[in-house]
Amino acid sequence: MRAVVQRVSQASVSVDGRAVGAIEGPGLLVLVGVTHDDDAAKARRLAAKLWGLRILQDEKSCSDVNAPLLVVSQFTLYGDARKGRRPTWTAAAPGPVAEPLVDAVVHELRALGAKVETGEFGADMKVALVNDGPITLIVDV
């Protein structure tokens, strides 16, 4: 699994003009991609990593300050643009594989005590954010 993690002061996601998830910071916007060999154990590890990642102000984590997370599925994180000008998506897991694993990350975060908002899997989403720092990390598990 791969995540692009951004420290934000606010973030939201909308579908067809309606807000489906939003957080007020400090918090994290997490774009999550799934590949073919990912499984529930990797989803648990990613959730634990996100909850404990010390990138908030004063090296705090979401778990330290009960900061919210906005988790958005993002299959394009496994796009490959090394050849030519058109990326390939062969490394991205198909929806029936990816959706339950993104849901598992959200479930695990909530089980750890996190306040989690989400996007809508497979939808044409519009994501808005105010990156705080800016701080952006790529996390692979």
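Predicted model: local features only at pLDDT ≥ 70, side-chain atom pairs only at ≥ 80, totals over all residues.

By residue type, the lining of the largest pocket consists of twelve nonpolar, six polar and one charged. At least two lining residues come from each of β2 (18-33), β3 (69-73), α3 (95-111) and β5 (125-140). Helix α3 gives the largest share of the lining of the largest pocket, with three residues.

Next, the packing of nonpolar side chains. The largest nonpolar core is made up of 30 residues, and Val 5, Val 30, Leu 69 and Leu 109 are those with the most contacts inside it. Each of β1 (2-15), β2, α1 (40-52), β3 and α3 supplies at least two residues of this core. The largest share of this core is from α3, which contributes seven residues. Another core, of twelve residues, lies apart from this one, and Val 13, Ile 23, Leu 70 and Met 125 are among its members.

With neighbours within four places in sequence left aside, Leu 109 is in contact with Ala 47, Leu 50, Trp 51, Leu 69, Val 71, Ala 114 and Val 116.

Val 106 is located in helix α3. Is Val 106 buried or exposed? Val 106 counts as buried because its relative accessibility is 6%, where the cut-off for buried is under 20%. Leaving aside neighbours within four places in sequence, the contacts of Val 106 are Val 71, Val 116 and Thr 118. Val 106 and Val 71 are 35 residues apart along the chain, and 7.2 Å separates their C-alpha atoms.

The other residue to look at is Asp 38, in the loop between β2 and α1. Asp 38 has 8% relative accessibility and therefore counts as buried. Which backbone atoms does the side chain of Asp 38 reach? One is the backbone nitrogen of Met 1, at 2.7 Å, and another is the backbone nitrogen of Thr 35, at 2.8 Å. Not counting residues up to four places away in sequence, Asp 38 touches Met 1, Gly 33, Tyr 78 and Leu 101.

Conventions:
Residues numbered from 1 in each chain as written. Heavy atoms only, no water. Helix = DSSP H or I, 4+ residues; strand = E, 2+ residues; numbered from the N terminus. Nonpolar A, V, L, I, M, F, W, Y, C, P; charged D, E, K, R; others polar. Core = buried A, V, L, I, M, F, W, Y, C linked by side-chain atoms within 4.5 Å. Buried < 20%, exposed > 50% of the residue type's maximum accessible area, 1.4 Å probe, protein only. Contact = heavy atoms within 4.5 Å. Polar contact = N/O pair within 3.5 Å; in protein donor to acceptor, adjacent residues only side chain to side chain.
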